[in-house]
Amino acid sequence: MLKKKKTEVYALGEHISMSADKARRVIDQIRGRSYEETLMILELMPYRACYPILKLVYSAAANASYNMGSSETNLVISKAEVNEGTTVKKLKPRARGRSFPIKRSTCHITIVMKDISLDDEYVEMSSLKKTRWKKKSTAMTYRDMYNSGGLWDKK
């Protein structure tokens, strides 16, 4: 029986007190990027959602290095999603004995990282990009055609 080596690890943050839409705005920017590029993006973006997402990305990378022994240069964020969590409902006292409802929304953030050195698809793609030989171009430029008299032969 063949056992497939696990290539993905994840980090899950639950009940983070911010709107799911505000967190999605940041998550959409980092989905599919490498680990180092993600850290640079999250440190430079001016949104409040960046700090909890940065902590989750660090946690997922630590999980990958501890569980799979992979280096951080080979990690890519393969999946990142934000789901709505529970809503904390409070009542704020107002004038004349009335009350005003306050709703604090929360969200659940999941970051899934993949090690591209262990994944077969990425290895095949990278081996196709690096060719050992270059094919010489057989197309002639206009200058070559003019100098050789190929197009403008005066017969």
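User: Which residue's side chain does Asp-115 join in a polar contact?

Analyst: The side chains of Asp-115 and Ser-117 are joined by a polar contact of 2.9 Å. A polar contact is a pair of N or O atoms within 3.5 Å; within protein, one must be able to donate a hydrogen and the other to accept it, and residues adjacent in sequence count only if both atoms are side-chain atoms. This is a predicted model, where local features need pLDDT of at least 70 and side-chain atom pairs count only at pLDDT 80 or more, while totals for chains, interfaces and linings use all residues. Residues are numbered from 1 along each chain as its sequence is written, and side-chain values use heavy atoms, leaving out hydrogens and water.

User: Is Asp-115 buried or exposed?

Analyst: Asp-115 counts as buried because its relative accessibility is 2%; buried means under 20% relative accessible area, exposed over 50%, and partly exposed in between (1.4 Å probe, protein chains only).

User: And how much of the chain is buried?

Analyst: Of its 155 residues, 30% count as buried.

User: What does Asp-115 touch, leaving aside residues up to four places away in sequence?

Analyst: Asp-115 then touches Thr-7, Met-68, Ser-70, Asn-74 and Leu-75, where contact means heavy atoms within 4.5 Å.

User: Changing topic, how many helices and strands are there?

Analyst: The chain has five helices and three strands. These are DSSP runs, numbered from the N terminus: helices are H or I with at least four residues, and strands are E with at least two. Along the sequence, the pattern is β-α-α-α-β-β-α-α.
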